[in-house]
Structures are given as structure tokens and as C-alpha cells.
Amino acid sequence: MIRIGLTGGIGAGKSTVAQTFIAHGAYHIDADKIAREVVARGTPGLAQLVEAFGEDVLTADGGLDRPALAAKAFVSDDSRKLLNSITHPLIGARTQELTDAAPDDAIVLHDVPLLVEGHMAPFYHLVVVVHADEDIRLRRLVELRGMDAADAEQRIAAQATDEQRHAVADIWLDNSGTPDELADAALAVWERRIVPFRDNVSARRDVEPSIDDTTADPEWTALGARLVNRVWALVGGAAQAVEHCGTSSAAGNPARPIPELTVTVADLVAAEALTEPLAAGGFPPVESDDPHVRPHGSADPGRGARVSVRPAE
Ligand code: ADP
């Protein structure tokens, strides 16, 4: 299984990309839908909201009155935190439940408008960002989705910036053309990068990067930082340090950067315990001539990596 995070600012065109991926077999998990489900009428989540914010967050028929909740929850940092402390764990648990139910060979597509705002990027094998300039998004939201212009502007302003999305994007899809052009670009990414990546993860196969990278920011430092965060998410408390210690280039293509990371652990037993989590996360083990290091490569045909897991002493 691999997990793909799909995000983009409001009105960017996530729906087109999600539909393309779903039509080709993605296992879809919709964050907005889950957020509504966990506080639907009759749920324990809604009962918790009533306990925290009072009966008047309910509509006459016992559902959630969103404007009434917003009026109470978005007045201070404390009340916003209280709201999040109720909804976030419920959303997290339901997302995990759906992910666990996906088949072993699934390509899980997690559709998350606020992926960047929620600092979730490291938890995916790949992050796909759909982009359109603000003026285009605004026009589409008003003309096609019938949103009020001031409301749309306010929502755009409250979200992450393009730079913040750039920093976490593994795949950047530009939607300034037609919906068909976007769907074609999404399909190309699906067939050439995402499906082979899933196959390589299943086979625990290390590959040289072989396709053009559509990374938003091809700077090596940004790429290294992205991988450090991703490896931290996979190894968690088992590591003492995860560092980006250099960059080499792909054997067949000197222009392709291969970030080199070092994971420091207590001893070889701890290094071996990380073999499976790293392999499942897209970094399969590779042969080593040094008995004290456990090296890993990359299953992503769009981006190479070398991750050396070493004991501290
Ligand atoms: P998101 O899900 O990212 O918020 P949507 O996919 O709903 O955004 O797109 C916003 C609006 O713009 C929708 O009405 C959609 O039909 C329209 N749209 C998306 N892409 C294009 C495009 N390339 N050209 C014209 N309209 C588009």
C-alpha cells in the first residue's frame, strides 16, 4: 500500500485530480466527508460538541448548526483549541480505520484540503499539490461554484501560501489550462510514477529515478528536508537523529540529485528493526558491503534516495 496526500488551495482543482485517480483505481479517503461524518446527527462527536459549547450549536432537528458553532468556537484561541481537541482525534481515528481497511496493494488517496496547514505532509509516500493562481481560483469559485467574492477571498487568505505548498510538494500539477489538460497531467503522473511506485514498494524494489520529476521546487536542500521529515515519520522514536548529509547523482543521469540521509540508532538490532518500516514507507533495503550499516534505497521512480541506518557508536 502507498498513501498519496492530495491538496491545493480552495478552488485549485483537486476534484478533477481526485476523480482521475479514483477512475483508475485509487482507494479514496475524503477528509471533508469524514469531518462531517464524525459530528453528524446522533454521533458521540456531536454530543461532545454540545457538552463543550452548549445546546444552541444544534439545529431544530438535532443536527449541527455550523454557523452557531463557528460563532462560539472561533472567538478565541482557547475555544478553537477546544473544538479541535474534540474533532481532530475523531477524524484521525476514522481516517486510520479506513486506511487499515484498504487492501494491501491499494493506492490510498487521502484528499485533504488543509494538509499543509495540518503539517501532514511527512505521513504520505507522495504529496500531490494542485495549483492555480489566486485570481484564477477566485474567478472559478465565484463564477462556477457561486461563492460570494468576499467569502472566497477570505478563505483563500486564511489558507497556506503557495510557498508553503511548494515546500512539501512531490508532484505539482498546474491547473491554469483546461480541466482536460489537468486530467491528462494527473493520469500521466498516475501511470508513470504512482502505480510503479506502489509496485516497487510491494516488491521492496530499489530503483534509479527514471522519469521526469515534476517537483515544485527542484532545489536539493528542499528535497533533502522533505525526505528527512518523511523518514522521521517512519522511524519515530527509534532514531536518535535523521540528517541530510549530502547529495550524489543518479548513475545514469548526473543531473538527477540523490539525497543521502543518515539515521542514527542505538545499535544494529535497532537498525534492523527499522528495515520493514522504511521498506513499507518507500525506502527498501539494499545490499551493503559495510556490516555496520543498514542501507536503504528508493522505490519512487521519480526521486532517488540513499538512507543509511547506523548505530551511534
Ligand atoms: P477544489 O476541489 O480544489 O476546491 P474544484 O475542483 O472544485 O476545486 O474546482 C473549483 C471550480 O473550478 C469548480 O467549479 C471546477 O469545476 C472549476 N474548475 C476546475 N478546474 C478548472 C479549469 N481548468 N478550468 C475551468 N474551471 C475549472
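Predicted model: local features only at pLDDT ≥ 70, side-chain atom pairs only at ≥ 80, totals over all residues.
At roughly what angle do the axes of helix α4 and helix α5 cross?

## Overall form

The protein contains 12 helices and nine strands. Its radius of gyration is 21 Å, close to the 20 Å that the globule rule gives for 313 residues, so the protein is as compact as a globular protein of that length. The C-alpha trace spans about 70 × 45 × 35 Å along the principal axes.

## Burial, contacts and surface

Of the 313 residues in the protein, 44% are buried. The accessible surface amounts to about 15,200 Å², and carbon and sulfur atoms contribute 53% of that surface.

Contacts may also be described by how far apart the two residues lie along the chain. Among the contacts with a separation of 6 or more, 66% are made by residues 24 or more positions apart.

Strands of a sheet pair through backbone hydrogen bonds, either parallel or antiparallel. In this protein, four strands form an open sheet in the order β6-β7-β9-β8, with mixed pairing. The edge strands are β6, residues 241–250, and β8, residues 294–296; each of these pairs on one side only. From one strand to the next, the twist averages 20 degrees.

Strand β9, which covers residues 306–311, takes part in two pairings described here. With β8, strand β9 pairs in the antiparallel sense over three bridges; in β9, Val307 is the bridge partner of His296. With strand β7, residues 253–265, strand β9 runs parallel and is joined by six bridges. Here the bridge partner of Val263 is Val309 in β9.

## Helices α4 and α5

Helix α4 comprises residues 66–73, and helix α5 comprises residues 77–100. The axes of these helices come within 8 Å and cross at roughly 130 degrees, which makes α4 oblique to α5. The reasoning rests on the cut-offs for such angles: those over 145 degrees count as roughly antiparallel and those of 65 to 115 degrees as roughly perpendicular, so an angle between these two ranges is classed as oblique.

Which residues of α4 and α5 meet? On the α4 side they are Leu69, Lys72 and Ala73. On the α5 side they are Ser79, Arg80 and Leu83.

Key. Residues numbered from 1 in each chain as written. Heavy atoms only, no water. Pairing = 2+ DSSP bridges. Axes fitted to C-alpha atoms, helices over the stretch in contact; angles between N-to-C directions. Rg over C-alpha atoms; globule rule 2.2 N^0.38 Å. Buried < 20%, exposed > 50% of the residue type's maximum accessible area, 1.4 Å probe, protein only. Contact = heavy atoms within 4.5 Å. Areas by Shrake-Rupley, 256 points an atom, 1.4 Å probe, with all protein chains shown as cover. Parallel < 35°, antiparallel > 145°, perpendicular 65-115°, else oblique.
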